[in-house]
Amino acid sequence: MYKKYNADGFEVFSVSLDKAGDAEKWKAAIIQDGLIWPNHVSDLKGWQCAAGIDYAVKSIPFTVLVDAEGKIIATNVRGADLQNRLAQIFGH
Amino acid sequence: MKKFGLIVFLLSAVGYAQEFSEKDLKNHDKKVALSKEKGSVELSLDTIFNAGTPYCLFIQTKEVLGNKEFSVQSFDKKEHIYIKTDCVPNPTDPAKKDCFWLFLFMQSGSTGEVNGAFASGLPKIIVENNLITNNTINPDGEKRFLMLYPQKLSKPVAPVMTVNVVYNETAFPMVERDRTADISVYGTTIKQDFKEIGYYTEDSEATGGKVVKTITIYLPGGVKVATATYELASTELFQVYTEKDGKIMHVEVNPAKRMEQLCMFLVQRMYL
């Protein structure tokens, strides 16, 4: 989906809930899982991750879809559901 | 250009397709350590561990009123075995029910039954019979399992039948794409890896008091690939006829995802 819609202005930001000491595992997983987008961040605080607390993340993976104005338009959309949302937004 | 963004919260130990609570994740290390220390079979984060080593994926796909269904997959997310619980009336006392776990081996279409086990005992049976090796189904393990756990109670499924049909591969031009990606069905269009790989039509016919549905699957160019028929009263068991080689197979599917699972069955066998 990233490949399909990136040229239309769709970006993905990964926030890892890994802990201190797991930085190398996190970096390896980015490659192994094929997370090809460039934006990956983590404060390596595990479940105490500031962004995780701000977005009330209780389970993972957890997703937040944000529109062009920065407003949250959906949470925890994945797979076919996300595909359908993006198809509606970008028209293809 | 206006930008839309998706913020994804992840953890390196967990794949994107799975979902787990903080409690599951906290218990994970303990379970893996226990498996390693005792050489035991443990299930954690949808993964079966044998003596501390990941063995295969064991994913619950459905639970309705306590009836659970599981998908046994290799780590490349290919489904090799589908397991569901089923019950039939006891032959001597119809008021009672005999319940069992029905194992469907996706590649061969073979089925076996495990009686009297809780769901928690299934991972051990999978490992003990060595059903998965080298990240795929182990045919020898499958044979051993079918000998130990033959189908007795549920409706016997006819073996795969083949009629002698000579075919030409080029007559069935399939779309190149990532064949491990999820299947999506939009209307009558079948997609994989964002590419249209085929389409289907659906018909129904009433005969002998039964309604029989027929799904016909085509490649994008209109070449017929397979015909699947099922009784409306039993939407879980398809009889599939494949045009390329004239095989007749029986496929058990989850009714909620019948088209996706039927298509994946054909994709995995290079029909679609």
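**A chat about strand β1 of chain A**

Tutor: In this predicted model, strand β1 of chain A, residues 10-16, is mostly covered, since six of its seven residues are buried.

Student: Okay, and which strand of chain B is joined to β1(A), and by how many bridges?

Tutor: The partner in chain B is strand β1, residues 4-10, which runs parallel to β1(A) and is joined to it by seven bridges. Within that pairing, Val12(A) has Leu6(B) as its bridge partner.

Student: Which strand of chain A is joined to β1(A)?

Tutor: That is strand β2 of chain A, residues 39-41, which is also parallel to β1(A), with three bridges between the two. Here Ser14(A) is the residue that stands opposite His40(A).

Student: Switching topic, how many disulfides are there over all chains?

Tutor: The count over all chains comes to zero.

Student: And the cysteines, is Cys49(A) buried or exposed?

Tutor: Cys49(A) has a relative accessible area of 2%, so it counts as buried, the cut-off being under 20%. Cys263(B) is buried as well, because its relative accessibility is 0%.

Student: What about chain B as a whole, how many helices and strands does it have?

Tutor: Chain B has four helices and 19 strands, and of its 272 residues 42% count as buried.

How values were computed. Residues are numbered from 1 along each chain as its sequence is written. Chains are lettered from A and ligands numbered from 1 in the order in which they are written. This is a predicted model: local features need pLDDT of at least 70, side-chain atom pairs count only at pLDDT 80 or more; totals for chains, interfaces and linings use all residues. Side-chain values use heavy atoms; hydrogens and water are left out. Buried means under 20% relative accessible area, exposed over 50%, partly exposed in between (1.4 Å probe, protein chains only). A disulfide is a pair of cysteine sulfur atoms within 2.5 Å. Two strands pair if DSSP finds at least two bridges between them.
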